[in-house]
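Please consult the sequence and the coordinates alongside the text.

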Amino acid sequence: MKYTAVLVPGDGIGPEVASAALEILAAAKAPIDWVECLAGVAALEAGGKDLLPTATIEAIRKHGVALKGPCTTPVGGGFSSVNVAMRKTLDLYGAIRPVRSLNGVKTRFENVDLVVVRENTEGLYAGIENEITSGVVTSVKVATRVACLRIAEFAFRYAVHRNRKKVSVFHKANIMKLSDGMFIKCAREVHESKFQSIEYEELIIDAACMRLVQDPTRFDVLLMENLYGDVISDLCAGLVGGLGVVPGANLGEHCAIFEAVHGSAPDIAGKGVANPLAITMSAVMMLNYIAEKHSDTSLAAIATRIRTAYDRALVDGCKTRDLGGKLGTNEFAKAVIERL
Ligand code: NAI
């Protein structure tokens with residue numbers, strides 16, 4: 001079988017790491033035809049008028065899957081996030097970020113194996129802000145029962161499917177009694193009605209952060225709203241080696257976008273030193289997603305081959321600078337290809 005997927009290279013280090021990932025997939029003979037589409041600053045620089053061209057959204061809708069590099073969002077002003085707009089437009093309501101210790105990448109902890117499940121469409125992260133009067137702004141935190149129930153259902157289904165044992169909800173319902181209050185009520189409801197085989201706990205997010213940095217191995221699936229998920233994902237990345245090694249998926253009912261947790265890293269863009277592993281891992285998640293959808297065991301085997309090859313490369317000491325190594329982006333990709 002051959003499949004078509006959309007490639008959105010993104011901004012900053014996006015094109016460099018995406019091209020390295022594609023080389024690895026091609027060397028592994030992953031049967032993917034890529035349709036390249038633009039988004040973000042790259043779309044404007046190519047002469048377009050829109051940060052998020054309709055053609056890009058339509059292509060993702062049509063083909064159902066995309067691999068995406070990071071898109072830049074200016075701080076404190078300028079345009080709103082293209083990433084948020086994409087997730088909302090395509091209703092990619094569930095983000096999954098698996099965080100696992102890697103042999104060969106030395107960190108404070110061994111055996112970290114957790115998954116951040118993030119609600120992707122609501123919360124403060126929706127960026128609904130108003131200047132009421134000069135010097136006074138408000139930021140609206142949106143929580144709907146529908147979205148809280150569906151993300152809870154999503155997290156528990158994921159836990160069952162992946163044979164995981166526990167879901168921990170991070171919240172601040174002691175202060176945000178209505179919005180986070182609804183989030184935990186919905187999670188409880190879903191747990192009690194359908195998923196009692198999965199262990200369930202609720203933690204106030206500040207204390208949860210302390211526990212995470214003290215002993216991340218006590219966690220399994222973490223469920224939280226949008227902004228908390230954004231912050232906790234980076235914290236968790238720091239537990240296993242940093243942003244260069246954590247992949248992600250944004251999933252909806254009809255399509256999916258796979259992208260690393262990291263951003264466009266303007267400080268190292270264009271230097272050929274970025275770690276392509278996170279986007280390669282995201283591409284492996286994409287292959288597994290397609291394989292599962294089409295019951296394609298040979299595609300799943302290709303995904304496993306790529307994963308085994310990059311795991312091996314790390315064990316052999318092939319590492320980019322963010323992991324304490326010396327390899328550039330393309331050299332690391334070459335090291336993975338040699339081990340396929
Ligand atoms: P960032 O993730 O781009 O960078 C944070 C630090 O991690 C930097 O020092 C960077 O060099 C390093 N880093 C990140 N990825 C790396 C990689 N693959 N290899 C080696 N080092 C890596 O976060 P920052 O600086 O907060 O954001 C930069 C831009 O990216 C902003 O415009 C932000 O809005 C955007 N962004 C986009 C995301 C997306 O498209 N999904 C996600 C996060 C941020």
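Cys-255 is buried, as its relative accessible area is 4% (buried means under 20% relative accessible area, exposed over 50% and partly exposed in between, with a 1.4 Å probe and protein chains only). The model is predicted: local features require pLDDT of at least 70 and side-chain atom pairs pLDDT 80 or more, whereas totals for chains, interfaces and linings use all residues. Residues are numbered from 1 along each chain as its sequence is written, and side-chain values use heavy atoms, leaving out hydrogens and water.

**Cysteines**
- The whole structure contains zero disulfides, a disulfide being a pair of cysteine sulfur atoms within 2.5 Å.
- For Cys-255, the nearest cysteine sulfur belongs to Cys-37, 13 Å away.
- Cys-71 is likewise buried, at 6% relative accessibility; its sulfur lies 12 Å from the closest cysteine sulfur, that of Cys-37, which is too far for a bond.

**Asp-11**
- Asp-11 is located in the loop between β1 (3-8) and α1 (14-27); helices (H or I, at least four residues) and strands (E, at least two) are DSSP runs numbered from the N terminus.
- Beyond residues up to four places away in sequence, the contacts of Asp-11 include Cys-71, Thr-72 and Ser-264, with contact meaning heavy atoms within 4.5 Å.

**Strand β4**
- Five of the seven residues of β4 (residues 94-100) are buried.
- Ile-96 has Val-117 as its bridge partner in β5 and stands opposite Ala-249 in β11.

Notes. Two strands pair if DSSP finds at least two bridges between them.
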